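Please go through a few of them for the model shown here.

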Amino acid sequence: MTRKYFGTDGVRGRVGEAPITPDFMMRLGYAAGRIFAANDRRMQGERPSVIIGKDTRISGYMLESALEAGLCAAGVDVLLLGPMPTPAVAYLTRALRCQAGIVISASHNPYPDNGIKFFGPGGLKLQDKVERAIENALDEPLVCMPSDKLGKVRRIEDAGGRYIEFCKSTFPNELDLRGMKLVVDCGHGATYHIAPHVFHELGAEVISIGVKPNGLNINLDCGTTHPEALQQAVKDNQADLGIAFDGDGDRMMMVDANGKLYDGDLMLYIIACYRVKQGLLKGGVVGTVMTNLGLEHAFDKNKIPFARAAVGDRYVLELLEEKGWQLGGEASGHLICLDKHTTGDGIVSALQVLHVLRASKRALKDVTKDVMIYPQVLINVPIKKDFNFRDNIPVQAMLVEAETTLKGSGRVLLRNSGTEPVLRVMVEGKDAGTVRHWAERIAASAEEAANAAIL
């Protein structure tokens, strides 16, 4: 599908720049509302309903109002959740039998960015054909339904409590977290009023950081993108573990008592190996092209089937569904446990890891000691959207040279980000110095080529 507005994870960009503007959002709300109404299979005469949640960015108020106006003009009822994690919107879309769910968030990006993500009736990401229909509808004029057919708006006051209970339901009834001291870093994002309550109500002593959003500090020096704050807080409070979330709560990373960081690759390993031993792993595990080679080797040693998808949770989900598997994710901490939820959920993922630790009575370092994670360097090179590294001769020559040198002991991956205008240069291998050397050389070559293309 050729996408004009939709990227790998909805519509995203800098606030105030197309398409993240109030006028576009109203047109998007109207176009989406028309498509959702057309696909609504309920009794005629009933308006379809759509829920809207958002993270804590200051621009969320403006974009929410614009979307709300467009949806109402299309004859769609709107249920407002306020600040709410992305996976909570997916859950509530399904639980409240809504035609769709909308999330206003740019996930792990800084506050000047924002975006729109959609969920379908069952809490799943929209199918390509629905996104295509919405994009086509955007080219049509915005008109208003007759007054008696306009949508209504109401706020769901108990959304947070509903989602907290859902998260707790994914943790075994026979286990609890009593005796554990946890530091929970919510990144000043959408989990700030959710995650601490989940772990506290399961029995843990919770120390919360990153829970004072002001509209401008989401993901700022905290959360999964900056785990240093969590690592220090765990040491300062002599906690057993630390858990970090990103701005919209679909990613999670952990820190042990010594301040060591455990990313999504290690979380996948912990959950998968425990489920294999319990006879609960259905099929294998899906990672992405960015998944560490060391994890793939560890899965192979444990006879756990492994497959790689393109980067992005929608592609991990597509491959899971294609294979009939249930567990997948990314090193970024975006994990999908389809036996627990329809989408990636940071809180639910953390609970699955805590389940393993409590049931096995082991520490993070013990359940991951057999994994040798290869050194990996990722460098983001700013580019213009139309820069094509595949057609650039100097970049390709450097890439071939690196791959020839690393053959058998590492790999190189270049890809355009689906969420921001950067080229991601990733090199991994057994020797850290060699990995760093080639990552920097390739990145420098790509930056020079990108600047030349601009001129």
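The questions below concern a predicted model.

Q: Why are α8 and α11 called oblique to each other?
A: The axes of helix α8 (residues 264–277) and helix α11 (residues 346–360) cross at roughly 55°. Angles under 35 degrees count as roughly parallel, over 145 as roughly antiparallel, and 65 to 115 as roughly perpendicular, with the rest oblique. The pair α8 and α11 is therefore oblique. The two axes come within 10 Å, and the crossing is left-handed.

Q: What makes the contact of α8 with α11?
A: From α8 come M267, I270, I271, Y274 and R275, and from α11 come S349, Q352, V353, H355, V356 and A359. By class, these residues divide into 7 nonpolar, 3 polar and 1 charged.

Q: Why does T21 count as buried?
A: The relative accessibility of T21 is 14%, and buried means under 20%. T21 therefore counts as buried. T21 lies in the loop between β1 (11–14) and α1 (22–39).

Q: How do you know that the side chains of T21 and D23 make a polar contact?
A: Their distance is 2.6 Å, and the cut-off for a pair of N or O atoms is within 3.5 Å. The pair T21 and D23 is a polar contact between side chains.

Q: What covers the buried residues of α10?
A: The buried residues of helix α10 (residues 313–323) are D313, R314, V316, L317, L319 and L320. Their cover includes α4 (128–137), β12 (285–288), β13 (306–309), β14 (327–329) and β15 (335–337).

Q: Which residue with a positive phi follows α10?
A: G324 follows α10, with phi near 75°.

Terms used: Residues are numbered from 1 along each chain as its sequence is written. This is a predicted model: local features need pLDDT of at least 70, side-chain atom pairs count only at pLDDT 80 or more; totals for chains, interfaces and linings use all residues. Side-chain values use heavy atoms; hydrogens and water are left out. Axes are lines fitted to C-alpha atoms, for helices over the stretch in contact, and angles run from 0 to 180 degrees between N-to-C directions. Helices (H or I, at least four residues) and strands (E, at least two) are DSSP runs, numbered from the N terminus. A crossing is left-handed if the near helix is turned anticlockwise from the far one by less than a right angle, and right-handed if clockwise. Contact means heavy atoms within 4.5 Å. Ala, Val, Leu, Ile, Met, Phe, Trp, Tyr, Cys and Pro count as nonpolar, Asp, Glu, Lys and Arg as charged, and the others, Gly among them, as polar. Buried means under 20% relative accessible area, exposed over 50%, partly exposed in between (1.4 Å probe, protein chains only). A polar contact is a pair of N or O atoms within 3.5 Å; within protein, one must be able to donate a hydrogen and the other to accept it, and residues adjacent in sequence count only if both atoms are side-chain atoms.
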